[in-house]
Amino acid sequence: MPTDPVLCVVMGVSGVGKTTVGIALAKRLGVPFVDADDLHPAANVAKMKAGTPLDDEDRWPWLAAVGDELARAGADGSGLVVACSALKRSYRDAIRERGAGAYFVHLTGSEDTIEKHIAGRHGHFMPASLLPSQLATLEPLQPDESGVAIDVAASVDEVVSRAQAALAGT
């Protein structure tokens, strides 16, 4: 019996490990991975590099691009895991509008844990100074949203195993 392709968004604030978990989850599931950071227009990247938070007008075209990637992967049957902040419900709704059936894996953690993650990475355009604005913006998954929250205090392997188990239950 055929199954629907996996369409998963690994979400959360900057520094929580979306890319690391997303790559590992995609590998384990045998589907492609896309980092939504790569879908940002150049103007958005320049703003973030300058330490300026994006506003919603900056985000809508980017979120549409994320949804379009999911829609393509659903249509061609390849499946996809995308790492994308998707901090607000309205952002997730915009992604789902184009990428119907997307399942969200919300990576959570204490501010201290996330700050340690940020301090340990190099060459990323998102500075640690924007973490407080991201935490203030974050709207956790709601009960009517298809998804799961997973604390990143666990090992990457354990986080991926929990995500895979949640996806298997959908």
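I started at aspartate 35, which sits in strand 2, residues 33-35. I am working with a predicted model, where local features need pLDDT of at least 70, side-chain atom pairs count only at pLDDT 80 or more, and totals for chains, interfaces and linings use all residues. Residues are numbered from 1 along each chain as its sequence is written, and side-chain values use heavy atoms, with hydrogens and water left out.

**Entry 1: aspartate 35**

I noted how elements are assigned: helices (H or I, at least four residues) and strands (E, at least two) are DSSP runs, numbered from the N terminus. Next I looked up burial. Buried means under 20% relative accessible area, exposed over 50%, and partly exposed in between, with a 1.4 Å probe and protein chains only. Is aspartate 35 buried or exposed? I found that aspartate 35 is buried.

Then I checked for a salt bridge, meaning a side-chain nitrogen of Lys or Arg within 4 Å of a carboxyl oxygen of Asp or Glu. For charge, Lys and Arg count as positive and Asp and Glu as negative, while His and the chain ends are not counted. Aspartate 35 has no salt bridge. The nearest side chain of opposite charge belongs to lysine 18, 7.4 Å away.

I did find a backbone partner. The side chain of aspartate 35 reaches the backbone nitrogen of aspartate 37 at 2.9 Å. I also listed contacts (heavy atoms within 4.5 Å). Leaving out residues up to four places away in sequence, aspartate 35 touches Thr19 and Ala83.

**Entry 2: helix 4**

Which residues of helix 4 are buried? In this helix, residues 89-98, I wrote down Tyr91, Arg92, Ala94, Ile95 and Arg96. These buried residues pack against strand 1 (7-11), helix 3 (56-76) and strand 4 (103-108).

**Entry 3: aromatic rings**

I read up on the rule for ring pairs. Rings of Phe, Tyr and Trp (its six-membered ring) pair if their centres lie within 6.5 Å; planes under 30 degrees apart count as stacked, over 60 as edge-to-face and the rest as tilted. By this rule I get 1 aromatic pair. Tryptophan 60 and tyrosine 91 form it edge-to-face, with 5.7 Å from centre to centre and 80° between the planes. The pair links distant parts of the chain: tryptophan 60 is in helix 3 and tyrosine 91 in helix 4, 31 residues apart.

Tryptophan 60 is partly exposed at 31% relative accessibility. Tyrosine 91 is buried at 2%.

**Entry 4: salt bridges**

How many salt bridges does a search of the whole structure find? I noted 14.

One of them is within helix 3. Arginine 72 and glutamate 69 are bridged, with their closest N and O atoms 2.5 Å apart. The two are 3 residues apart in helix 3, so about one helical turn separates them. I recalled that an α-helix has 3.6 residues a turn, so residues three or four places apart point the same way. Arginine 72 is partly exposed at 48%, and glutamate 69 is partly exposed at 22%.

Next I followed glutamate 145. Its side chain meets that of arginine 89 in a salt bridge at 3.9 Å, N to O. Arginine 89 lies in helix 4 and glutamate 145 in the loop between helix 6 (131-137) and strand 5, so the bridge ties together parts 56 residues apart in sequence. Arginine 89 is partly exposed at 22%, whereas glutamate 145 is buried at 6%.

Glutamate 145 also bridges arginine 96, with closest N and O atoms 3.0 Å apart. Arginine 96 is in helix 4, so this pair ties together parts 49 residues apart in sequence. Arginine 96 counts as buried at 19%. Through shared partners, salt bridges join Arg89, Arg92, Asp93, Arg96, Asp144 and Glu145 into one network.

**Entry 5: strand 4**

I then looked up its neighbours. Two strands pair if DSSP finds at least two bridges between them. Strand 1 and strand 4 run parallel and are joined by 4 bridges. Valine 9 has phenylalanine 104 in strand 4 as its bridge partner. Strand 4 also pairs with strand 5, residues 147-151, in the parallel sense over 5 bridges. Here valine 105 is partnered by valine 148 in strand 5.

**Entry 6: the whole protein**

I ended with the overview. The protein has 7 helices and 5 strands. Along the sequence, I read the pattern β-α-β-α-α-β-α-β-α-α-β-α. Of the 170 residues, 41% are buried. Among contacts between residues at least 6 apart in sequence, 78% join residues at least 24 apart.

How values were computed
Polar contact = N/O pair within 3.5 Å; in protein donor to acceptor, adjacent residues only side chain to side chain.
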